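Reader: I have just opened this one and would like to be walked through it. Could we look at it together, one topic at a time?

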Amino acid sequence: MDGIAANLEKVGANIRAACEKVGRDASDVTLIAVSKTFAAADVNEAFLAGQIHFGENRLQEAEGKIPLLPSALQWHYIGQLQRNKVRKVLPLFSMIHSIDSLRLAQYTNELAGEVGLFPRVFLQVNLAAETSKGGFSAEQLTESWDALLSLDRLEIQGLMTVPPMAVDPEKSRSWFARLRELRDQLQGKSGVSLPALSMGMSGDYGVAIEEGATHVRVGSAVFGGREYPAAPTA
Ligand SMILES: *Cc1c(COP(=O)(O)O)cnc(C)c1O
């Protein structure tokens, strides 16, 4: 077995092991292979090895890649989303992980109405209040909750976070736990089900799964190291 297929095998085994450790069902965790900076040929190789879900963080790059690949692939938009990109992102991606403000949520809702879609979205939370990252603070999210729930075109799946960079995955654990607790609070307060938690990357997806992740976004552990850093914005 070659590189990408072998990597997928290994990541899959780690996902199953993490689930087993905490008594979760591995079928409750979706692996999103983050293909940013990698060619369509690499994505196709992963697809031939059985991978269905892929993540991209820049519209322009994704627009070049998606049409080259089978329509069975499911695309996840995981990068910062600028307003002027929403109209193009909506039809290409089956989920948007990066709704980072009430304003963006309202705008996306409005455009979704215009084009007749009901996008599945995650609300991104910036738990550590890092200035380099977008996202609701926990307080903003709580304050915006009723307004968010009134957006009738958005199918809110749950919450997403990218915790502060850490070499030791155990350092991410408390952030993942915090996202889960915030989700539980919002669920309890509104009675609306928020089943999904998008958290965990190559360095810490095992810990994220132990803390409840349903969607892990894994790039380099699947495709290898990126040769150039992906731009932070679309
Ligand atoms: C690039 C990226 C990932 C994947 O990162 P790896 O460390 O390569 O697994 C996950 N989530 C987001 C938001 C990203 O931009």
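Reader: What share of the residues is buried?

Author: Buried residues make up 47% of the 234 residues in the protein, where buried means under 20% relative accessible area, exposed means over 50% and partly exposed lies in between, with a 1.4 Å probe and protein chains only. This is a predicted model, in which local features need pLDDT of at least 70 and side-chain atom pairs count only at pLDDT 80 or more, while totals for chains, interfaces and linings use all residues. Residues are numbered from 1 along each chain as its sequence is written, and side-chain values use heavy atoms, with hydrogens and water left out.

Reader: And how many helices and strands are there?

Author: The protein has nine helices and eight strands; these are DSSP runs numbered from the N terminus, with helices being H or I of at least four residues and strands being E of at least two.

Reader: What is the radius of gyration?

Author: The protein has 17 Å, which agrees with the value near 17 Å that a compact globule of 234 residues would have; the radius is taken over C-alpha atoms, and the globule rule is 2.2 Å times the number of residues to the power 0.38. Along the principal axes, the C-alpha trace spans about 50 × 40 × 30 Å.

Reader: Changing topic, how many salt bridges does the structure hold?

Author: The structure holds eleven, a salt bridge being a side-chain nitrogen of Lys or Arg within 4 Å of a carboxyl oxygen of Asp or Glu. One of them joins the side chains of Lys65 and Glu56 at 2.7 Å, N to O.

Reader: Are Lys65 and Glu56 buried or exposed?

Author: Lys65 is buried, and Glu56 is buried too.

Reader: Which residue does Glu63 pair with?

Author: Glu63 meets Lys88 in a salt bridge of 3.8 Å, N to O. Glu63 lies in helix 3 (residues 59–65) and Lys88 in helix 4 (residues 86–92), so the pair ties together parts that are 25 residues apart in sequence. Glu63 is partly exposed with a relative accessible area of 31%, and Lys88 is partly exposed with 49%.

Reader: What about Arg87, which partner does that residue have?

Author: Arg87 forms a salt bridge with Glu114, and the closest N and O atoms are 3.1 Å apart. This pair also links distant parts of the chain, since Glu114 is in helix 5 (residues 102–115) and Arg87 in helix 4, 27 residues apart. Glu114 counts as exposed at 51% relative accessibility, whereas Arg87 is partly exposed at 45%.

Reader: One last topic: which phi does Thr37 have?

Author: Thr37 has a positive phi of about 75° although it is not a glycine, and Thr37 sits in the loop between strand 1 (30–34) and helix 2 (40–48). Ala129, likewise not a glycine, has a positive phi of about 50° and lies in the loop between strand 5 (120–124) and helix 6 (138–149). Thr37 counts as buried at 15% relative accessibility, whereas Ala129 counts as exposed at 59%.
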